[in-house]
Amino acid sequence: MPTPDLNPAGLDLPPGAGRATRAWRWLGERTETFRSGLATLPAWPLLAGIVIGFIACSVAGRVVSREKMFRNFSRFIEPIQPQTLFYPTASELVSYVDHKIPRDKILVLVGGASYFRGTGQNNGELWTRELQRLLGSDYAVVNFAIDQAGVTSFAGVAFQILARHYPKMIYVSSGSPVASDAIDGGDVYRYVFWDAYYKGLLPSSSPWGDQARRLAQQQRRAADTQELHLGKWADSLTYSCDLWTFIGYYGFFTVWSNRTVYSPFRAWRYYQDADDPNMVQRQQDTRHNLEYGRIMEERGRGFCSSGLNQDPTGKWVPDQATWDRFAKYSGDMFPDALKPKCLIVLVRGNPYFMQTFTAQDRQNLETVYRLGQDALEHLGFQVLTMGHDYTADDFVDAGHFMPSGGRKLAKEVAVHIQGVFSPSR
Amino acid sequence: MKPHRQFSPRRFSAKAWAALALGILIGVFFHYIFYRLSLPSKPFIYVAF
């Protein structure tokens, strides 16, 4: 019987060398061969290749930034949100609408937070589908609301850019009667604003443009925002986020996330908006969660006195400094010319979590909403305060709407839009 | 001592193409690194209240 060759590669091995040693020595010799081969490569073609490869990707990024992103899109689901490290760019948001919606339609761009994204509603039950049905074919509704976004965040940036593309447009966003949003959208979503800023997509007219420039200068000096600005400035030249986000959506994703453990490289376009058949059960669970109820009641009672103080007689009166500040920061949210195209919907909470409210609390709450609405309308915004006919069954939790609540919301918003933004105007 | 090799235009051209191809891959990788550097070190955690 022939003796097996224990050293088929002919390596110079010590006597009795094990398999691991042989493998390691083989790898070392191959690496040395590769390195010596690499060292003989001419430098100028290598350098030229680096430059060509980089520039080609930058050009490809600019090209795909104008392509239609998102297939079968109805809203931002978790896999295509920053929660899973998927960061759509300003260009991608805008190009989707440009490709999808004809310019002769009245574009209704929905923004704001998860209340308007439709948390609590399955895809077929979305309030924005109902809104589209109520408004009719002269209007085109696009839902860019995303979790924890404010009026100026994310969709608010797309609004400012699309207002120049669509002669008739309205931006509908959830908002608060006492809290305004930063001009750049705040912590999570400011990347979209500065992406648009450095690409030259945002309005630049004074005074709003001057404020944006001052904020940019200020944030470039701050340690926690400097890197973002450097990155977005570089990205305005390289379009790297556009290219690799596009590849991640259509081809393969390369960023691991703990929410995609079992399919780390799957293209995001394959993720669908899965229905939750247990929404009613979730509604019951939040009602039976005593700790959750206690926190929501406490938060709600605190909200009732936002911007109000008790005078020496015990009467609740507006705190003028708070409302002046609210008016100042709200006025900075958008350029003046865009404010009339912005409908801010002041959302109310679930009455189920207001059971411990006193009559004074409820009266204060109405005062807060009235003062907030007045302040925003004085600035030029369209404002709609949600009605009082929402019941506990219209909410899945303290703030998100069930399908029935979504339908009521759609009706209120549709009536307001048709009254102000009629196709005949 | 390694044997002296005569200069070969065909071998030089092949090495130039190999260098170019490798350079393009490196350039693409650098472009990808720009994208990865833009991502935050920690993902945004959304907490529905």
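Biologist: How many Å separate the centres of domain 1 and domain 2 of chain A?
Modeller: 24 Å, taken over C-alpha atoms. The domain bounds, 68-270 and 279-420, come from an automatic or database domain assignment. This is a predicted model: local features need pLDDT of at least 70, side-chain atom pairs count only at pLDDT 80 or more, and totals for chains, interfaces and linings use all residues. Residues are numbered from 1 along each chain as its sequence is written, with chains lettered from A and ligands numbered from 1 in the order in which they are written.

Biologist: How many residues of domain 1 of chain A are in contact with domain 2 of chain A?
Modeller: 35 residues of domain 1, against 38 residues of domain 2. Two residues are in contact if their C-beta atoms, placed from the backbone, lie within 7 Å.

Biologist: Which element gives the largest share of the domain 1 side?
Modeller: β3(A), with seven residues. Helices (H or I, at least four residues) and strands (E, at least two) are DSSP runs, numbered from the N terminus. The domain 1 side divides into 18 nonpolar, 14 polar and three charged residues. Here Ala, Val, Leu, Ile, Met, Phe, Trp, Tyr, Cys and Pro count as nonpolar, Asp, Glu, Lys and Arg as charged, and the others, Gly among them, as polar.

Biologist: Switching to the largest nonpolar core, which residues touch the most other members?
Modeller: Of its 103 residues, A:Leu107, A:Val108, A:Leu109, A:Val110, A:Phe144, A:Ala158 and A:Leu162 do. Both domains of chain A give residues to this core, so the core lies between them. A nonpolar core is a set of buried Ala, Val, Leu, Ile, Met, Phe, Trp, Tyr and Cys residues joined through C-beta atoms within 7 Å. Buried means 20 or more other C-beta atoms within 10 Å of a residue's own, exposed 12 or fewer, and partly exposed in between, with C-beta atoms placed from the backbone.

Biologist: And what is A:Leu109 in contact with?
Modeller: Leaving aside neighbours within four places in sequence, its contacts include A:Val142, A:Phe144, A:Ala158 and A:Tyr171.

Biologist: What do the buried residues of α5(A) pack against?
Modeller: β1, β2 and α15 of chain A. Those buried residues include A:Trp127 and A:Leu131. Just after α5(A), A:Gly136 takes a positive phi of about 95°.

Biologist: Now chain B. How many residues of chain A are in contact with chain B?
Modeller: 34 residues of chain A, with 26 residues of chain B. α2(A) gives the most to the chain A side, 12 residues. That side divides into 19 nonpolar, 13 polar and two charged residues.
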